[in-house]
Amino acid sequence: MSQRGLFITLEGGEGAGKTTSRTYISEFLKQRGITVLETREPGGTEVSEAIRHVLLDSALPAMHADTELLLMFAARNEHLQKKILPALAVGHWVICDRFTDATYAYQGYGRGLDHARIAVLETWAQGDLRPDYTLLFDIDVQTGMQRVRARSEQLALNTDRFEQEKSEFFDRIRTGYLERAKFYPDQYRIIEAAKPVLEVQQQLKHVLDAILVKASIK
Ligand code: T5A
C-alpha cells in the first residue's frame with residue numbers, strides 16, 4: 001500500500017443514512033488495525049463548522065447560488081488544510097461524510113451551476129486530490145425525506161435550508177449522483193440505502209472487504 005492513507009467519502013441524498021453508517025465503517029476499519037479520521041462536510045474544523053452554520057441556517061435570507069458554492073469551498077479548503085491532508089499524509093484513512101461530489105450534485109445538478117466552474121474551484125482547493133472511493137448511499141427521495149421529517153419531529157428540530165427545498169431539487173441531485181457513479185466507476189460504490197440498517201451494513205462489509213483486499217491490508 002502507498003504511504004498515504006485512503007480517502008473515502010460518503011455521499012447521497014437527504015436522510016440516506018450516511019451518518020448512521022459512518023460509525024459502522026470506522027469501527028470496521030479500526031478493528032482491522034487502521035487509524036481512521038471520521039469527519040464531515042461542510043464542517044470538520046472550528047472555522048468550517050462556523051461556515052456550515054451559515055450555510056444551513058434557514059432563518060437567513062436566501063443566498064445567491066454562487067455564494068453558496070464559494071462558502072462550500074471556503075469550508076472545504078480549511079478542512080483540507082487543517083485536517084484531511086495532514087491525516088492522509090501520515091497514513092491515516094479519512095472517512096468524510098460528503099465532499100466535492102456533493103458540490104457537483106447539489107450546487108451543480110441541484111442549483112444548476114456550471115460544472116466547469118465547480119471544477120475550477122475543485123482543482124484550486126484540492127490540486128490532484130480526489131476521493132479514492134465514494135460510497136453512494138442511494139435512496140428514493142420520498143423515503144429519504146420521510147426519514148428526515150420523522151427525525152425532525154422526534155428530536156423537535158427545525159429542518160435546515162437544504163431540507164426545505166422541493167422534491168424536484170432532490171430528484172435532480174439523485175440523478176446527478178447516479179450519473180457521476182456511471183462516469184467514475186472506479187471511484188463509486190453504490191449502496192442500496194433504503195434497506196434496513198443491518199442489510200445496509202452487510203453491503204458495506206462487502207464493499208469494505210474488497211477495498212481492503214485492493215489495499216493489501218486484510
Ligand atoms: N451540501 C454539502 C451541499 O449542498 N454541497 C456540498 O458540497 C456539501 C458538502 C449538509 C447539507 O449540505 C449540503 C447537503 C446537505 O443538505 P447535513 O445535515 O450534513 O447537511 O445533511 P446530510 O448529510 O444530508 O445529513 P442527513 O442527516 O440528513 O442524512 P444522512 O446522514 O444520510 O442520514 P442519517 O444517517 O442521519 O439518517 C437519517 C435518519 O434516518 C434513520 C436515522 O436513524 C435518522 O433518523 N436511518 C434509517 N432508518 C431506517 N433504515 C435505515 N437503513 C436507516 N438509516 C438511517
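In what follows, Ala, Val, Leu, Ile, Met, Phe, Trp, Tyr, Cys and Pro count as nonpolar, Asp, Glu, Lys and Arg as charged, and the others, Gly among them, as polar. By that division, the shell around the ligand holds 10 nonpolar, six polar and 11 charged residues. The model is predicted, so local features need pLDDT of at least 70 and side-chain atom pairs count only at pLDDT 80 or more, while totals for chains, interfaces and linings use all residues. Residues are numbered from 1 along each chain as its sequence is written, and side-chain values use heavy atoms, with hydrogens and water left out.

**Ligand site**

- The ligand is surrounded by 27 residues (a residue is near a molecule if one of its heavy atoms lies within 4 Å of it), and the closest are Glu14, Lys18, Thr19, Thr20 and Thr103.
- Helices α1 (18-30), α2 (46-56), α3 (65-89), α4 (100-110) and α6 (141-155) each supply at least two residues of this shell, and the largest share, four residues, comes from α4; helices (H or I, at least four residues) and strands (E, at least two) are DSSP runs, numbered from the N terminus.
- The ligand sits in the largest pocket, where sitting requires that more than half of its atoms lie within 2 Å of the pocket's grid points; on a 1 Å grid over the protein atoms alone, a pocket is an open set of points where a 1.4 Å probe fits, with protein on both sides within 12 Å along at least five of seven lines.

- Oxygen atoms of the ligand lie 2.4 Å from a polar side-chain atom of Thr19 and 3.2 Å from a polar backbone atom of Ala16.
- A nitrogen atom of the ligand is 3.2 Å from an N or O atom in the side chain of Arg147.
- Of the 1000 Å² of accessible area that the ligand has on its own, the protein covers 84% (Shrake-Rupley method, 1.4 Å probe).

**Salt bridges and backbone**

- The whole structure contains 19 salt bridges, each a side-chain nitrogen of Lys or Arg within 4 Å of a carboxyl oxygen of Asp or Glu.
- Glu11 forms one of them with Arg98, with the closest N and O atoms 3.8 Å apart; because Glu11 lies in strand β1 (residues 7-12) and Arg98 in the loop between β3 (93-97) and α4, the pair ties together parts that are 87 residues apart in sequence.
- Arg98 also has a positive phi of about 80° although it is not a glycine.
- The peptide bond from Glu41 to Pro42 is cis, with omega near -10°, and Pro42 is found in the loop between β2 (36-40) and α2.
- Most residues other than glycine have a negative phi, and most peptide bonds are trans.

Terms used:
A polar contact is a pair of N or O atoms within 3.5 Å; within protein, one must be able to donate a hydrogen and the other to accept it, and residues adjacent in sequence count only if both atoms are side-chain atoms. On a 1 Å grid over the protein atoms alone, a cavity is a set of points where a 1.4 Å probe fits but cannot get out, and a pocket is an open set with protein on both sides within 12 Å along at least five of seven lines; lining residues have an atom within 4 Å of a point.
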